[in-house]
Amino acid sequence: GRRLEVTASIGVAMFPYHGEDSDSLLHAAGAAMLVAKQTKRGYRVYSQDMVHGGEDWVALHHELQQAVANDELILHYQPKIDFKIDQVSGVEALVRWKHPTEGLLPPEKFIPLAERTGLIKPLTNWVLNTALRQYEEWQRAGFQLPMSVKVPTACIQDPEFPDQVAQYLEDHAVPASNFEIEIKETAVISEAEQAMECVRKLHALGFQI
């Protein structure tokens, strides 16, 4: 009973001007589509000036899909220091990409791409699962440092996200109370009802927000 506005981003490639086989045509159409999405212009016809922007983006998107599947991601744990007692008071889990040719890529090189292309959910699930597994190992070794993890808007607005996180907690048998989930304010402002319900469920699991 509600009115919804549905939009689309379309990339156009034409035979034989933009490619002479299905792979090259799809590659060109994908590049044009991503430029259309980025510029919010609805549709774009492929042109050669997209070679250094759109095509690289398409290639990087495909490589990022493979990175999540092939375990090319790695977490770095940035220490938080309490200067009053001069001790490490916790860590923040930060994702990096071990790119096979570009080396170690920081999040600003691929997180915006993941957010635009829908890869952010599987990437975030990987981060949370890996962070909880690492905490489980530290716990067995006698360390119980509080850990914080950033969670993007797309996950906070996903009604299945709390159940997925609960499963990770059960798999690794670690207390949620030692974890802090960092959420951007915009995640709660947009789709507020669903976002707040997700936050309540995460808090009920024991997470600090």
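**Pocket and salt bridges**

Reply: Start with the pocket. In this predicted model, β4 (87–99), α3 (111–117), α4 (120–140), β6 (147–151), α5 (153–156) and β7 (179–183) each give at least two residues to the lining of the largest pocket.

Me: Which element supplies the largest share of the lining of the largest pocket?

Reply: Helices and strands both contribute, among them α3 (111–117) and β6 (147–151). The largest share is four residues. Its source is α4.

Me: How many residues of the lining of the largest pocket are nonpolar?

Reply: The lining has 19 residues. Four of them are charged and two are polar. The nonpolar ones number 13.

Me: What is the volume of the largest pocket?

Reply: I111, E115, K150, V151 and P152 lie nearest the centre of the largest pocket. The volume is about 440 Å³.

Me: How many salt bridges does a search of the whole structure find?

Reply: A pair counts when a side-chain nitrogen of Lys or Arg is within 4 Å of a carboxyl oxygen of Asp or Glu. E136 and R140 qualify, with N and O 3.5 Å apart. The search of the whole structure gives six.

Me: How many residues apart in sequence are the parts that E92 and K150 tie together?

Reply: The side chains of E92 and K150 form a salt bridge, 2.3 Å from N to O. E92 sits in strand β4 and K150 in strand β6, so the bridge ties together parts of the chain separated in sequence by 58 residues.

Me: Is E92 buried or exposed?

Reply: The cut-off for buried is under 20% relative accessible area. E92 has 9%, so E92 is buried.

Me: Which residue joins E92 and K150 in one network of salt bridges?

Reply: E136 and R140 pair within helix α4, four residues apart, about one helical turn. R140 is exposed, at 63% relative accessible area. Elsewhere, salt bridges with shared partners build a network from E92, K150 and a further residue.

Me: Which strand holds the partner of E180 in its salt bridge?

Reply: E180 meets K80 through their side chains, 3.6 Å from N to O. The two are 100 residues apart, with E180 in strand β7. K80 lies in strand β3 (residues 73–82).

Technical notes. Residues numbered from 1 in each chain as written. Predicted model: local features only at pLDDT ≥ 70, side-chain atom pairs only at ≥ 80, totals over all residues. Heavy atoms only, no water. 1 Å grid on protein atoms, 1.4 Å probe; cavity = no way out; pocket = protein on both sides within 12 Å on 5 of 7 lines; lining within 4 Å. Points joined across faces, edges and corners; volume = space filled by probe spheres on them. Nonpolar A, V, L, I, M, F, W, Y, C, P; charged D, E, K, R; others polar. Buried < 20%, exposed > 50% of the residue type's maximum accessible area, 1.4 Å probe, protein only.
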